[in-house]
Amino acid sequence: MPNQFSMTTRRTFLRASGVGLALPLLDSFLPRRMRAAETTIPRRMVCICTSLGLHAPFFFPEKAGTDYEPTPYLKLLEQHRKEFTLFNGISNPDQSGSDGHSSGMTWLTAAKHPGLPGFRNTVSIDQLIASRIGLETRFPSLQLSTDGSSQSYTSSGIMIPGEQSPSRMFAKLFLDGSADEQELQIQKLREGRSIMDTVMGEAEQFGRRIGREDKEKLAEYFSSVREMEQRLVASEAWIHKPKPRVDAAPPQDIKESNDLIGQIQLLFELIPLALQTDSTRLITVMIQGRNDVPPVPGVSIDHHNLSHHGQDPEKLRQLQLVEQAQIKALEKLLSDMKRKTEGDRRMLDSTAMLFGSNLGNANSHDTKNLPVLLAGGRFRHGQHVMLDREKNTPLSNLFVQIAQQMRQPVEQFGTSTSTSVNGLATV
Amino acid sequence: MAILNPNFLIRNSCFVLSIVMASTLEAQSIEEPTDNIRSFINQNCLECHNASERSGGLDLEALAWELDSPNNRDRWIRIHDRVDSGQMPPDSTLTRDQLESLTSPVQKAIVEKISAQQKHEGRTVLRRLNRREFENSLHDLFGVDIDIQHLLPEDGRSEGFDTVADGLRISAVQLEKYLEVIDLALDDCLRLTERPEIFNKRLRYHDEKEVRENLDTAEDHVDPVSGSRHRRLFRELDNAIVFISHGYSPDNLRQFAPPATGLYRIRVSAYSVDSRGEPIAMRVYANDWKSNRLLRYFVLEEDKPRIVEFTSKLTVNEHLRFAGFGIGIDDEGKSVWNVESVKDWKVPGMAIEWIEVEGPLLDQWPPENISRVFGANSVRKLNGRGRWTNQGHIQYELAPDDPKAASSNAIEKFASRAFRRPLKPGEADRFIQLAHAELDRGRSYEQAMRVAIRSILVSPRFLILDETPGRIDDYALASRLSYCFWSSPPDDELLELAEQGKLSSPDVLRGQVDRMLNSPKSEQFVSSFVGQWLDINQIDATTPDTKLYPEYDDILRDSMVSETRNYFRELLDKNLPIANLIASDFAMLDRRLADHYGLTESFLESKGDKHDEEFRPISLPTDSPRGGVMTQAAVLKVTANGTVTSPVIRGAWILRRIIGTPPSPPPPVNGIEPDTRGATTIREQLAKHRDSETCNRCHREIDPPGFALESFDVIGGFRQRYRSVGDGDQPTEKLQGRSIWEYKLGKPIDSSGQTSDGRPFADIREFKQLMLNDQEQIIRCLAGKLTTYATGAGISFADRDEIEIIAAKTKAQGSGLRTLIYEVVASELFRTK
C-alpha cells in the first residue's frame, strides 16, 4: 500500500510535528482506523540506546562492505550477519552540552547542544511517528528502561518516563485486572475526564495574558489538557476490550538493582510479545548503567567507571565483558524476532531495530562516530557502511529513511540533510 | 554579506512590518545595521569570518540582522561581547573609540529590542512549579512528607537552574503523573486506621539472635559445608557488644520493626575501644533488605561513652543497622579473617552499649491535617468493626453532617491555600460543582473531595506562578520569595503581609528576607541553589575508581557535600565578603574532611566542645592551598570523572560558574583520550592541542584555571604526583593502618600556567590571588546566578545594567553575601515580572 497516506496532506504532518501549539496529536487516528480493515502487516520500530557507549575497537570492523572481518562484538552476532548493517561515521551534530552525558537526551531528537543555555529538547523520532499512528494500537509507544529515564520526548520536549519493571509492563500489556480493579480503573478514567473539563474552564479564566511567550506557555497547558482528555477517551475505549493473551509467563522482576544484564534480558523479552500482539509499534529502550557493578563474572568495577577506562588494560578487559553481555542479549532478541512470524514473514522483517549509543567514545565523552547497528525493517543488510569519520552523516538521515520505510510521509527530521543514508538500500 | 544583501532587507522589512501590524508594540528599533557596523565588520572581521573560512563557526557574510530571532540576537550579543572585551579582533591595535563604533550601536539596538518586549510582557515567562516545589507544596498542603518529586518527570534545566520558566515545559505526561502523585499524597494524608502502637524500648545487641549465635559458637568450630573455621565478629562485654570486623558483620537490629511509617526518636550509647587514640565513626543505616540508607554518622572517642540522639523517618519495611568505620584492622594490617583467635587480639572496635527507639512520634490521632484538608468535624469514628484495607484496620471515616455544605467550605479554604492568594467570589465554584456532582452520583464524601482536590492541584492557578507584567502584586511577591528561599509556598506571615499590602515596602521586604534565611526551611535554598550553581547535585554522577581512590566512601561523600553547603551558609549567616568564594583564611570542616585535606592539626586546635562530625570554621595555615569554593572536595569531584581530571573541564567550569564568562561550546573535534597508564600526563596531551592556533584561541582562556587545579585529584585530595595503575612508585603513606597496594605514584603534577593576558602563576595559591584582582566580576557573576534562580528568567543583555547596579550597591556596602541577596530582592528585576 504505497499510497496509504495519500489522504494525509503535508500540512497535517507539519502541524503534528510543529512547535507544540495546536497539537491535534491523536485525532489523526480516526481516519486511519477506517482504513485498518485492509489487511496489512504493521511496520514497527525499536530503538535501543546503551548510553555508556560501546568500545569502538571491539565493535567496528576495519574493512567496509560485506566481507569485513568480525570484531569481538560482531562475532557474537555472526549468525545474524546478513540481517544487519553497521554505520561508521554517523552521529547527531553539535552535541557538546552541559556535561559529558547530556547527549543521552538527544539521541532520538537530534536537538543541538543539550543542556546549554537556550536548549530546548524537541520531539523524538518515535514520538513523531507515534503521534501519527495514535491509538490505533493500545499503546501508541512503549518506553522500557533500566533506570526510569527514556529517549522518548514529547513534542514539548518532555521526557516520557521509562518503565523499569518488566512485571509491571507485562501486566500493563497482557493482564486484565479483576472486575473490581477494572471498575476502579473506569471510575478513575471518568474522574479524570471531569477533572480535565473543570481545569479547562479554570484555565480559560487564568489564561487572559498579553505576552507572546506567556500565551505560548498557556497554549502548552491547554494542549496538554486536550491531549490528556483524548487519551482518557481512547483508554476508555480500550479498557472494555480484553487484552491479548500471550504464551509466556509473567516475568519476575530482578531483585538486585545492579543486575543490568538481567534487567536488559527481561526487558528484551517483552519486545517480541508487545509487537506480535500489535499492542504497540514503537518501542524505545534505554540502557543506563551508571554507578553499579553489574554481576557479570569477572567484573569488579562499576560500569560508568569502566567506560572511563583511561586505556587501563584491566578496565578494558572488564568493559568488554559488560558490553559483550549486552550484545549477547541483543543477539537473543534478534533470534526471537526472526523466530516469530506473521503470514510468511519473520517479525524482524517488518521491524526496524536500531541499536547503538549516544557516545562514540565514552572514555572522552566523544559524541561523534556513534556505534550504530540497524537490523530488519526491510532494508538490504549485511554490510559495514563506511561513511566520513571526519564529517559525519547526520543520524537524522537514518531516522527519516526508517520513518519512510514505515510508510510515514516524513521528509525532514531533526538535523537531517537527506532522506536516506548513502549505502543503505531498501528492500 | 547578508546584512547588505537586498533579499535580506526585503525579508527583514516584511518581518518587521508584520510585527508592527500584529501588535501594538512601538517598533522604533534599528531595522538595519548602521554604516558604522558595516564598515567595522568589512574592515576588521571578514578576513576570517567569511563564508569560506567561517572561523569559530561564524560567517558574518551570512549572519542576518534579525534581532527578533533570539538565536540571531545571541550571535550579535556574542560579537558585541568579544569585541567589547578586546578578545576580537585578535591582536588588534584598534582604539576604544574604534571598538565602540561597533559595540555601541549593536548594544543600543539590542537593548531597545529587549526592553520594549520586557516592558510589554515582562522578562519572566509564566512558570510552573518545578518538581521540588511541587513536592514541597503538597507536603505543606497535606502535612505529609512522602517522596513525590522522584515520581515526576525530570524538569528541564535552563540557564543552569530548574526554576527557569523556559525549561519547565508542560505536557500530558506531566499531568498524568501529577494526578498519580496527588493520589499518593492524599493516601498518606488520610490516615483513618487505628492509632498505631508506640514502640518504646531499650535494646542491646547482646539479645540479637545472629550476634548471639556468632558469639556462642566456639572459635575452633569448623563449618561442615564450607570447611572453614568460625570467626568471631564481635566481642562481648557486660555493658556492650564490640564490633571488631572490618568488613561484614551480622549487624541488622531485628528487635525493632517500625509499627508504622513515621518519625522515630533514636538514642544510642557507644564508644570506641583500642583505637590508637584515634576516633572511629559509627554509621547508622536504615535498611529495607534491599538497600541501605545512611541516616547519620557519629564520631566516637576511645573509652568515652557518648550518647547520641536524633529523629528520623522510617518506613514499615525498614530496620536499623549500625556499622563501624575505621575498625577491625590491627597494627600489622590483619583483620578478623587472618588472626588465630580474637581473644587477646588488640584491634580498634566499636562498642555499642544500648539503643533506645521511640515512635512513631504522633500528636493527634487521626492526624490534624485531615481536618485542615477535608474540613473540621468531618472525621467520625466508625461504629462497630471498621474494615480492613491494605493500609490496615480502618477505624475512622469522613462523614460530615451536611456533605454538600462541608465540601463547599473545605474546598474554598483548600483552593485559597493552594492558589496562594484569597479567592475572588465564585472562583472556587467549578471545583465545588465538581464535588457536588460526585456526591449526587452517590459517591462518598471522601471520593467527592478527592476529585475536587485533584482538580485544584492540576489547575493552572496552582501549577503556575501567577505574575502579571509590571510590578508584581504582593501575593505574587510572597510566592516569589517563598519559592526562592524555601522552595515552598508562602506561609501565613507572608500572606498576611501581602493582604495588608505591606510586603513590598523595602524595610518589610528586607525583614522578611532575614526571617526566611534564618528559618531552617532556607536549607532548601542553600542546597538547591548551591547544588545547581556549583553542580554539587551531580556528586553521584560518577563513583571514584576504587583502585585509584580506595579511601573514598559514603561518609567522605556526604562530608564533601556538607562542606560546600556549610561554607555558603557561613558566608550567608555572617554576611562575609563574596571574595571568600575565591580565597579565604578559613574552611568549614568536619574531622573526616580535615583528615582528607591534611588539616587534622588545625582541626584539633579548634575542637572546643563539638563532636568530630560537626562542621565548624577552621583557620587555615597561611600556606594552605584550601580556602574558597574552587578547592573544596565536592567541586573538585564533580569537575572530574571518577578516574582522571581534565584542566579543560575544570577551567570551563570556573569560567561558567565563578567568573561568568562562559566559553563557546567546543567545536566538533575529538577530545583528549584519557590515559591512566602513567606514561603520559593530561598536560602533555593538552600541549599538542594548544599548539594549534584554532584550538588555542579558546583554550588559552579555558585551560589556565584548570591547570591551577591540577594539584587536586578526582576526590579533592591534594596531590604532587598522579596516581597510576601502571608505571610508578609504591606509595609510602598508610590507609587505615595498612599499606596501599591498589595504585602507584606516577608522573609529577604541574599546576603552573599563565592567564590569557600573560600573568604567570606557580600554583593554585597564586592563581587565586590573580583572581582576587577582579572581585567585581565575581560579584556580578553571582548576582546574575542568584537573580536567575530567584526570578525564573536568565539575565538578558538588557538586564546587564540592573545587575551592574546590584553588584555596585553590594560592593559599596562591603560585598557581603547576604547584602547581595538583599540587593537582588530589592532590585527591579526581582520585583517586576
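At what angle do the axes of helix H7 (residues 179-206) of chain A and H11(B) cross? They cross at roughly 45 degrees and come within 9 Å. Here, axes are lines fitted to C-alpha atoms, for helices over the stretch in contact, and angles run from 0 to 180 degrees between N-to-C directions.

This is a predicted model, in which local features need pLDDT of at least 70, side-chain atom pairs count only at pLDDT 80 or more, and totals for chains, interfaces and linings use all residues. Residues are numbered from 1 along each chain as its sequence is written, while chains are lettered from A and ligands numbered from 1 in the order in which they are written.

**The two chains**

Chain A has twelve helices and eleven strands, and chain B has 28 helices and 22 strands. Helices (H or I, at least four residues) and strands (E, at least two) are DSSP runs, numbered from the N terminus. For the 833 residues of chain B the globule rule gives 28 Å, and the radius of gyration is 31 Å, close to that value, so chain B is as compact as a globular protein of that length. Chain A, with 427 residues, has 22 Å, in agreement with a compact globule. The radius is taken over C-alpha atoms, and the rule is 2.2 Å times the number of residues to the power 0.38. Along the principal axes, the C-alpha trace of chain A spans about 65 × 50 × 45 Å, and the C-alpha atoms of chain B fill a box of roughly 95 × 80 × 50 Å.

| Pair | Axes come within | Crossing angle |
|---|---|---|
| H7(A) and H11(B) | 9 Å | roughly 45 degrees |
| H7(A) and H8(A) | 10 Å | roughly 155 degrees |

Ala, Val, Leu, Ile, Met, Phe, Trp, Tyr, Cys and Pro count as nonpolar, Asp, Glu, Lys and Arg as charged, and the others, Gly among them, as polar.

Glu191(A), Ser194(A), Ile195(A), Thr198(A) and Val199(A) of H7(A) make the contact with Val451(B), Arg454(B) and Ser455(B) of H11(B). These residues divide into three nonpolar, three polar and two charged.

**The wider interface**

Chain B gives 53 residues to the contact and chain A gives 55; residues are in contact if their C-beta atoms, placed from the backbone, lie within 7 Å. On the side of chain B that touches chain A, H6(B) gives the most, with six residues. That side has 21 nonpolar, 17 polar and 15 charged residues.

**The sheet of chain A**

An open sheet of seven strands in chain A has the order E4-E5-E1-E8-E9-E2-E10, with mixed pairing; two strands pair if DSSP finds at least two bridges between them. Strands E4 (142-145) and E10 (384-386) of chain A stand at the edges with a single partner strand each, so one side of each is left without a neighbour in the sheet. Neighbouring strands are turned by 15 degrees against each other on average, direction ignored.

Conventions. Two residues are in contact if their C-beta atoms, placed from the backbone, lie within 7 Å.
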